[in-house]
Structure formats: structure tokens, C-alpha cells
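Welcome, and thanks for taking a look at this one.

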Amino acid sequence: MRKIYIAGNWKLNFTQSETKSFLEDLKSKVKNLNSNICVLVHPSFTSLSTAQEILKNSNIHFGAQNCSCQDNGAFTGEVSIAMLKETGVSSIIIGHSERREIFKETDENINSKLKAIRKEATLTAIVCCGESEETREQGKTDGWVEKQIEAAFKDIQLDISNIYKVVIAYEPIWAIGTGKTCDSNEANRVIKVIRNKFAKIYSQDLADKISILYGGSVKSSNIEELLKTSDIDGALIGGASLKTEEFAGIIDKSNNLLASTTA
Ligand code: PGA
């Protein structure tokens with residue numbers, strides 16, 4: 001059974017003190033998690049040490065929203081993987097559409113970041129992909145995400161020992177922050193396209209093992225429908241991960257669903 005990820009992407013939100021009160025509240029709401037669910041939050045760089053302090057000895061993990069592919073040097077404003085590791089992160093999101101569109105990150109940049117993350121055996125990379133509304137309207141969604149996956153994983157060695165340290169998130173751009181969730185059957189279909197592409201690059205065995213998440217206007221009212229599909233292994237959540245009630249509700253529903261399917 002593939003691991004289910006419920007991952008919050010906080011984007012440019014929450015100071016250290018806001019992080020502290022949010023996580024204290026969340027911690028008190030999240031109890032008895034199924035061992036097959038991994039709950040993650042991704043605060044800003046400046047709040048990572050706060051997350052480390054609040055989340056120690058808890059079943060909620062945390063990660064970073066971005067990283068540099070460089071180890072050190074003259075790269076003003078960048079944060080290296082070694083720096084992140086010392087804050088206790090367990091995951092790093094790369095290739096988010098906002099980084100691609102607003103900060104002009106290319107497929108090559110994302111591939112370099114994935115290579116750098118893979119040098120650290122303990123870190124999980126969450127690799128995002130997804131099409132724009134225009135690409136979808138042109139009927140080019142499948143080819144687009146296949147191309148993104150091929151580029152992100154170029155020359156990345158994966159096998160049974162490290163497959164669990166890579167997660168893919170399919171996030172159609174038109175569904176992000178818009179309230180327009182992709183229909184669960186359609187999200188599942190595209191995720192199968194991604195899984196098949198992954199099988200072609202690596203093997204069916206690794207493709208069957210990698211967790212592929214859906215992201216784009218996920219809330220407590222639609223998480224169950226998404227998770228009931230054959231290939232959606234969790235969610236990357238923006239807006240709804242900033243409200244404790246809502247995020248805890250998503251976690252709770254995922255947990256209950258898993259308990260009912262594994263019972
Ligand atoms: P959203 O964002 O849940 O607010 O649509 C998702 C994301 O950008 O990861």
C-alpha cells in the first residue's frame with residue numbers, strides 16, 4: 001500500500017509567532033494518526049526553526065517550500081539543502097507552478113534541485129507538475145505533464161532503496177487557489193498518465209510504489225472523494241492548510257477513510 005501524504009503548503013504566510021500558535025493548535029487537534037499517513041506542513045524558511053521546536057515528538061512533520069541546488073557561494077538570497085537539513089526538515093517542495101511562473105524556474109532548475117536533494121538520503125522531494133488552463137483547453141495536458149516528469153527526473157537514479165523519498169504532486173494550475181477543484185476522476189486519470197510515464201522511465205514496480213498527490217483547491221469537503229480514487233495518494237494543500245479547523249478536518253477524514261479501507 002502506498003503512503004498517503006497530507007501536505008500543507010503555506011506559501012508566503014505566517015510569521016514565527018503565527019507559526020507557533022497555528023502548530024500548537026494543530027498538534028492538539030491531530031491525535032492517533034494511522035501509520036500509513038504522513039502529515040506535513042511547509043512554512044517559510046524563517047519559521048522552520050519554530051516548527052522544529054513545536055513539532056518535536058509529534059506525528060506532524062515539516063519541510064521547506066524551496067531550496068537552492070547550490071551547496072554554498074555567491075548566490076544572494078538562496079538557502080542550501082545543508083542549511084535546511086539542520087532545521088530538521090523532512091521534505092522539500094520543488095517545481096511548484098508559482099516558482100515556475102513567477103520566479104521563472106525552468107525544468108532544468110527543478111532537475112538540478114532534485115539531484116541536490118537526492119544526495120541527502122533522509123530528505124523527501126515533493127516534485128510538482130501541472131498544466132495551465134490554456135494547455136488543457138488545447139487538449140495537451142497529458143503530453144505536458146509527461147514532459148515535465150521526464151525533465152524533472154532526467155539522470156536521477158531511483159531504486160527500491162530511495163523510491164520512498166520521492167513524491168510527485170499533480171497540480172493543475174487552473175485549480176490552484178481558484179476554488180475550482182479538478183474533477184476527481186479527471187485528476188485520477190492524469191495521475192495515471194504520470195504513473196505510466198514514471199513506469200516507462202524507471203519500472204512498473206517503482207511506479208506502483210511512488211506516492212502521487214493531487215493539489216488544487218483541496219478542502220475537507222472534497223478530500224474523501226479524491227482519496228477514494230485508485231491512484232491519488234494524498235494532497236498538497238494551499239489555502240485550506242492555513243486554517244487549523246479545515247486542515248485538521250482534512251487529516252481526520254483521510255485518517256478515518258484509511259482506517260475503514262484497511263479494517
Ligand atoms: P490551493 O493551493 O490548495 O490553495 O489551491 C495548492 C498549492 O498551490 O499547492
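This is a predicted model: local features need pLDDT of at least 70, side-chain atom pairs count only at pLDDT 80 or more; totals for chains, interfaces and linings use all residues.

**Helix H1 and its buried side**

- Helix H1 runs over residues 16–29, and its 14 residues should span 20 Å at 1.5 Å a residue; the end C-alpha atoms are 20 Å apart, which agrees.
- Four residues of H1 are listed as buried, namely Thr 19, Phe 22, Leu 23 and Leu 26. These residues cover an arc of only 95° around the axis, which puts them on the same side of H1.

**H1 against H2**

- The axes of H1 and H2 come within 9 Å and cross at roughly 30°. The two helices are therefore roughly parallel to each other, since angles under 35 degrees count as such.
- The crossing in which H1 passes H2 is right-handed. On the H1 side, the contact is made by Gln 16, Thr 19, Lys 20, Leu 23, Glu 24 and Lys 27. On the H2 side, Ser 49, Thr 50, Ala 51, Ile 54 and Leu 55 take part.
- Thr 19 and Leu 23 are worth a click, as they are among the buried residues of H1 and also belong to its contact with H2.

**Helix H7 and its buried face**

- Thr 141, Val 145, Gln 148, Ile 149, Ala 151 and Ala 152 are buried in H7. Viewed down the helix axis, these buried residues fall within an arc of 165°, so they line one face of H7.
- Packed against the buried residues of H7 are H4, H5, strand E5 (124–129), helix H6 (133–137), strand E6 (166–170) and H8.

**H7 against H8**

- Helix H7 (residues 141–152) and helix H8 (residues 184–201) have axes that come within 10 Å and cross at roughly 40°. H7 and H8 are therefore oblique to each other, and H7 passes H8 in a right-handed crossing.
- From H7, the residues Thr 141, Asp 142, Val 145, Glu 146, Ile 149 and Glu 150 meet Arg 189, Val 190, Val 193, Ile 194, Lys 197 and Ile 201 of H8.

**Two positive phi angles in loops**

- Asn 57 is not a glycine, yet has a positive phi of about 60°. Asn 57 sits in the loop between H2 and E3, and its 82% relative accessibility makes it count as exposed.
- Lys 104, also not a glycine, has a positive phi of about 55°. Its place is the loop between helix H4 (97–101) and helix H5 (107–118), and at 61% relative accessibility Lys 104 counts as exposed.

- Arg 2 lies in the segment before strand E1 (4–9) and, at 18% relative accessibility, counts as buried.
- Arg 2 and Ile 37 are 35 residues apart in sequence, while their C-alpha atoms are 9.5 Å apart in space.
- Beyond its neighbours within four places in sequence, Arg 2 is in contact with Asn 36, Arg 195, Asp 208, Lys 209, Ile 210, Ser 211, Ser 230, Asp 231 and Asp 233.

Note on methods:
Residues are numbered from 1 along each chain as its sequence is written. Side-chain values use heavy atoms; hydrogens and water are left out. The expected span of a helix is 1.5 Å times one less than its number of residues. Buried means under 20% relative accessible area, exposed over 50%, partly exposed in between (1.4 Å probe, protein chains only). The arc is that of the directions from the helix axis to the C-beta atoms. Axes are lines fitted to C-alpha atoms, for helices over the stretch in contact, and angles run from 0 to 180 degrees between N-to-C directions. Angles under 35 degrees count as roughly parallel, over 145 as roughly antiparallel, 65 to 115 as roughly perpendicular and the rest as oblique. A crossing is left-handed if the near helix is turned anticlockwise from the far one by less than a right angle, and right-handed if clockwise. Contact means heavy atoms within 4.5 Å.
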